Amino acid sequence: MDLKSFLLEKRTSVLERWLGDVLSSYPSQTAEFIRNRKNQFANPVGNIISEGISGIFDGLLAGLEADAQPDAGVMADFLEDIIKVRAIQDFSASQALGFIFSLKKAVRDEVGALGEGGEGLHKELGRLDGSIDRLALAAFDVYSQCRERIYELKANEVRNQTYRILQQANLICGTNPAETGKGGGNGDSPEKKIG
Amino acid sequence: MFCWGAKAKSLNAVGFPNARDWNPTEEDWKLPENWQEIFLEGMRERLSKYRSFRLFMDICVRCGACADKCHFFIGTGDPKNMPVLRAELLRSVYRRYFTKAGKMFGKLAGARDLDLKVLKELWYYAFQCTECRRCSVFCPYGIDTAEITIIVRELLNLLGLNIQWTMGPVADCYMKGNHLGIEPHTMVNIFETMCDDIETLTGIKITPSFNRKGAEILFVTPSGDFFADPGTYTCMGYLMLFHELGLDYTWSTYAAEGGNFGFFTSNEMAKRLNSKIYAEAKRLGVKWILGGECGHMWRVMNQYMDTWNGPADFLEVPKSPVTGTVFENARSTRMTHIIEFTADLIRHGKLKLDPRRNDHLKVTFHDSCNTSRAMGIFEEPRYVIKSVCNHFYEMPDGTTREQTFCCGSGSGFNAGENMELRLRGGLPRANAVKYVRDKYDVNMLANICAIDRAALTTSMNYWNPGMGVTGVHELVANALIMTGEKKRETNMRGDPLDMPVEEPEAEAGAAAPADKAAGGKANV
Ligand code: SF4
Ligand code: SF4
């Protein structure tokens with residue numbers, strides 16, 4: 001059996017392992033909710049992650065065809081959906097993107113479970129690893145685009161929310177420093193957690 | 001992830017205690033020495049004053065029905081944003097100081113000492129609750145965690161621990177009449193600019209009046225409607241509608257703010273800001289008050305105004321001068337929501353409308369937390385939208401009406417520094433919008449709240465780029481056939497109209513415009 005057929009057969013199990021690894025980045029109560037609440041509107045994060053990793057997995061498998069190149073386009077949307085969520089959650093860049101590499105572990109665990117019978121498959125893993133690495137590079141781009149977008153939103157919002165006043169420039173007379181986007185802080189990043 | 005602390009000058013402007021500049025990122029919050037005493041005394045006072053508060057402290061059975069209903073839990077994944085655990089932050093302090101079991105058994109009884117760590121945690125999570133009340137819909141005991149957050153913020157306020165994004169507007173509203181501290185002449189200038197835009201669009205010159213004594217109606221809307229796009233288009237919509245009706249109404253530069261950020265600091269401050277609207281109504285001698293598209297302004301009116309400042313019996317019960325409908329539901333506050341007013345106009349065939357002018361739009365409607373859960377306004381906005389648009393699509397069940405998801409930025413923390421937090425909280429709403437976008441090509445998200453118009457614009461730019469955000473009266477204005485208007489080439493935003501070119505009169509769907517009310521409008 002080649003790697004692709006094997007992974008197709010074990011699709012559910014690999015995805016379970018992968019999902020488990022992604023969810024380990026959340027507190028246990030949250031992970032339980034994300035995993036078990038099936039309604040896509042009540043649990044958007046769970047839905048986006050599950051759909052996303054399935055889509056990416058299928059894209060990677062398609063790329064394992066003899067001459068095929070992984071279709072980045074198909075996977076890009078799924079990748080973007082997940083990363084958009086992780087980019088605004090309380091994660092560093094490496095934590096936000098680490099989930100991509102945990103697919104390698106999920107696949108190896110599955111192949112490893114075959115014991116000696118899985119040896120032939122090990123040889124093919126290199127090709128899959130290469131695809132995952134390329135995916136990770138693409139993910140860095142998506143992540144930085146998301147972060148840039150957030151900074152743009154911060155800048156544009158102040159401008160948009162005072163558009164009519166800017167039209168009347170110099171006529172405003174207020175006491176509200178919030179309109180400059182910053183109040184009582186001293187310039188430190190507000191993204192640090194207090195404690 | 002949090003907002004900057006409230007500044008001394010804003011706190012001083014309204015006489016709030018313990019005013020000082022402080023910084024949440026620093027270890028030392030410059031608290032008064034006896035801060036515990038102040039906090040606990042404040043709690044004792046409120047426990048005896050508000051029966052609901054004591055009840056909410058006592059009766060939670062930790063069934064967990066509310067746990068996964070909060071948009072902040074859903075979006076952040078932080079268990080402390082589960083409503084039950086958010087409330088537990090204060091409940092543990094309540095147990096320690098106000099129950100026998102807690103006093104005797106401490107931790108064993110789920111009690112915590114009120115130390116600095118606990119105080120900081122209370123502060124941190126009080127500003128991760130938009131007081132949206134979604135959780136209360138699911139609680140079998142009707143526990144309203146929003147009310148608990150409101151009390152926590154009041155207690156923090158006693159220690160000068162508010163956020164500047166809320167306090168700045170409170171101070172400005174108190175001193176100058178609106179959230180940005182716009183002075184009267186600037187406000188009038190802004191309206192002149194909007195009227196110029198309307199003239200370009202329709203060929204009709206509108207000259208609204210300000211502070212006019214003897215007008216029949218005082219109109220009050222959140223100031224966001226005249227200083228922020230896309231709210232400005234909705235504001236122009238009001239101006240056009242009132243002109244077409246010949247309504248005898250006035251704006252006020254004193255009660256220039258329908259929003260009430262005081263509500264996000266303390267009941268007392270909310271009451272003070274609310275009373276300005278009524279003082280102005282009295283001074284001008286109007287008969288009743290009409291209010292624009294806003295969220296928390298209406299929660300304040302519907303749930304609190306009557307207790308604080310009501311009944312407003314120096315005014316008359318609102319009665320539409322166009323249809324004669326009496327708005328009995330406003331018998332005590334004497335203030336009517338414009339969406340009810342407009343729905344009534346349409347029901348009586350008083351507006352000429354051409355919904356094809358909105359054919360470039362596929363519209364969905366976001367129920368604002370306050371107008372839905374605090375007022376039950378569900379049908380009127382949908383009725384109005386369907387009367388002025390040909391393409392309307394509902395978001396899925398469980399995300400609309402009383403179960404609507406918050407925009408993620410309500411209750412006074414629509415700031416820049418906590419953008420990620422707002423985007424987390426905004427995800428469940430945005431996710432439902434994405435669904436109707438993908439399924440029906442929806443491209444416009446309508447709502448009747450000024451904070452929504454600002455917050456959803458940002459949220460959509462991140463989650464669903466290309467999705468427009470609009471107030472309902474912008475859609476009304478697009479469709480409204482005004483007497484003597486020139487042929488409309490564009491919609492309110494200046495985008496070309498996507499419809500067959502015909503003279504509007506030929507397509508007029510409704511009755512003739514109402515008689516113009518008495519003139520004599522004085523401009524300042
Ligand atoms: S009121 Fe809204 S924001 Fe606050 S805990 Fe309940 S659901 Fe969450
Ligand atoms: S639903 Fe009500 S009783 Fe149940 S945990 Fe939540 S607040 Fe407590």
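A salt bridge is a side-chain nitrogen of Lys or Arg within 4 Å of a carboxyl oxygen of Asp or Glu. Over all chains of this structure, a search finds 38 salt bridges. The model is predicted: local features need pLDDT of at least 70, side-chain atom pairs count only at pLDDT 80 or more, and totals for chains, interfaces and linings use all residues. Residues are numbered from 1 along each chain as its sequence is written, chains are lettered from A and ligands numbered from 1 in the order in which they are written, and side-chain values use heavy atoms, with hydrogens and water left out.

Start with chain A. Its secondary structure comes to nine helices and zero strands. Helices (H or I, at least four residues) and strands (E, at least two) are DSSP runs, numbered from the N terminus. Along the sequence, chain A reads α-α-α-α-α-α-α-α-α. Chain A has 195 residues, and 46% of them are buried. Buried means under 20% relative accessible area, exposed means over 50%, and partly exposed lies in between (1.4 Å probe, protein chains only). Contact means heavy atoms within 4.5 Å. Among the contacts in chain A with a separation of 6 or more, 72% come from residues 24 or more positions apart.

Now look at single pairs. Side chains of opposite charge can pair when their charged atoms come close. In chain A, Asp129(A) and Arg108(A) meet in a salt bridge, at 2.6 Å from N to O. Asp129(A) lies in helix H8 (residues 119-161) and Arg108(A) in helix H7 (residues 102-112) of chain A, so this pair ties together parts that are 21 residues apart in sequence. Asp129(A) is buried, at 14% relative accessible area. Arg108(A) is partly exposed, at 33%.

A second pair sits within one helix of chain A. Glu152(A) forms a salt bridge with Arg149(A), and their closest N and O atoms are 2.8 Å apart. These two residues are three apart in helix H8 of chain A, so about one helical turn separates them. Glu152(A) is partly exposed, with a relative accessible area of 37%. Arg149(A) is partly exposed too, at 27%.

Chain B has its own example. Glu293(B) and Arg453(B) meet through their side chains in a salt bridge (2.8 Å, N to O). The pair links distant parts of the chain, 160 residues apart. Glu293(B) is in the loop between strand S3 (288-291) and helix H15 (296-309) of chain B, while Arg453(B) is in helix H20 (residues 450-463). Both Glu293(B) and Arg453(B) are buried.

Where do chain A and chain B meet? The contact takes 56 residues from chain A and 76 residues from chain B. The area buried between them is about 5500 Å², and carbon and sulfur atoms give 59% of this. Buried area is the accessible area (1.4 Å probe) that two parts lose on being put together, summed over both. Between chain A and chain B the count is four salt bridges. Glu420(B) forms a salt bridge with Arg147(A), the closest N and O atoms being 2.6 Å apart.

On the side of chain A that touches chain B, helices H3 (28-36), H4 (44-62), H5 (72-88), H8 and H9 (163-167) each supply at least two residues. H8(A) gives the most, with nine residues. The residues of this side divide into 22 nonpolar, 19 polar and 15 charged. Here Ala, Val, Leu, Ile, Met, Phe, Trp, Tyr, Cys and Pro count as nonpolar, Asp, Glu, Lys and Arg as charged, and the others, Gly among them, as polar.

Finally, turn to the ligands. A residue is near a ligand if one of its heavy atoms lies within 4 Å of it. The residues around ligand 1 include Cys70(B), Cys129(B), Cys132(B) and Cys135(B). This shell divides into six nonpolar, three polar and three charged residues. The residues around ligand 2 include Cys60(B), Cys63(B), Cys66(B) and Cys139(B). Its shell divides into ten nonpolar, one polar and one charged.
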